[in-house]
Amino acid sequence: MYKTKTKELVYNIIKESENPVSALEILKLLKSKNKDLHKTTIYRTLDKLLDMELINKVSSISGVVFYESLDEHHIHVECITCNTVACVNDQEIEKKLYEIESLIKLRGFKVEQEDFNFQGVCKSCN
């Protein structure tokens, strides 16, 4: 799956994160692990992981792009005050999302990517 150590490091950070992470957050996490990579290398690696369809890009209303692993259906909630993005994972929600995707497929549409986002104010900012 990986051809470089950098891809493996970046992918593992994204996969192990509970919420989507930005490129700058990935860079900070790598530096905390004494892995000093240039920002351009991180962005190039993220593009390659996107091309390999291992991660998903999540755009926020603040303009920050976040990245997440592609292993399950979920929705994103974004705070319009502090600009944090979080994932909501719930079996009932996941079941409904699969039902929606199945209905769309029945209409002859091949789903390549799904993105369910809600904007509002988080508990901390409320």
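**Close-up views of a predicted model**

View 1. The protein chain holds 4 helices and 6 strands, and, read from the N terminus on, its elements follow the order α-β-α-α-β-β-β-β-α-β. Taken along the principal axes, the C-alpha atoms of the protein chain fill a box of roughly 45 × 40 × 25 Å. Of the 126 residues in the protein chain, 29% are buried.

**View 2. The open sheet with the strand order β1-β3-β2.** This sheet has 3 strands, and their pairing is antiparallel. Strands β1 (21–22) and β2 stand at the edges with a single partner strand each, so one side of each is left without a neighbour in the sheet. Strands β1 and β3 are joined over 2 bridges in the antiparallel sense, and valine 21 stands opposite tyrosine 67, a residue of β3.

**View 3. Helix α2 and its two sides.** Helix α2 spans residues 23–32, and its buried residues are Ala23, Ile26, Leu27 and Leu30.

**View 4. The open sheet with the strand order β5-β4-β6.** This sheet also has 3 strands, but here the pairing is mixed. The edges are taken by β5 (85–88) and β6 (117–120), each of which has a single partner strand, so one side of each is left without a neighbour in the sheet. From one strand to the next, the twist averages 25°. Strands of a sheet in general pair through backbone hydrogen bonds, and this pairing is either parallel or antiparallel.

**View 5. The hairpin formed by β4 and β5.** Strand β4, made up of residues 75–79, runs antiparallel to β5 and is joined to it by 4 bridges. Between the two strands of this hairpin there are 5 residues, and asparagine 83, which lies in the turn, has a positive phi of about 65°. Across the pair, histidine 76 stands opposite cysteine 87 in β5, while the bridge partner of valine 77 is alanine 86, also in β5.

**View 6. Strand β5 and its two faces, with alanine 86.** In a regular strand, the side chains alternate between the two faces of the sheet. Strand β5 has a covered face with Val85 and Cys87, and an uncovered face with Ala86 and Val88. Alanine 86, which has its place in strand β5, counts as partly exposed because its relative accessibility is 24%, a value in between the limits of under 20% for buried and over 50% for exposed. The C-alpha atom of alanine 86 is separated by 11 Å from that of tyrosine 67, and these two residues are 19 residues apart along the chain.

Technical notes:
Residues are numbered from 1 along each chain as its sequence is written. This is a predicted model: local features need pLDDT of at least 70, side-chain atom pairs count only at pLDDT 80 or more; totals for chains, interfaces and linings use all residues. Side-chain values use heavy atoms; hydrogens and water are left out. Two strands pair if DSSP finds at least two bridges between them. Axes are lines fitted to C-alpha atoms, for helices over the stretch in contact, and angles run from 0 to 180 degrees between N-to-C directions. Buried means under 20% relative accessible area, exposed over 50%, partly exposed in between (1.4 Å probe, protein chains only).
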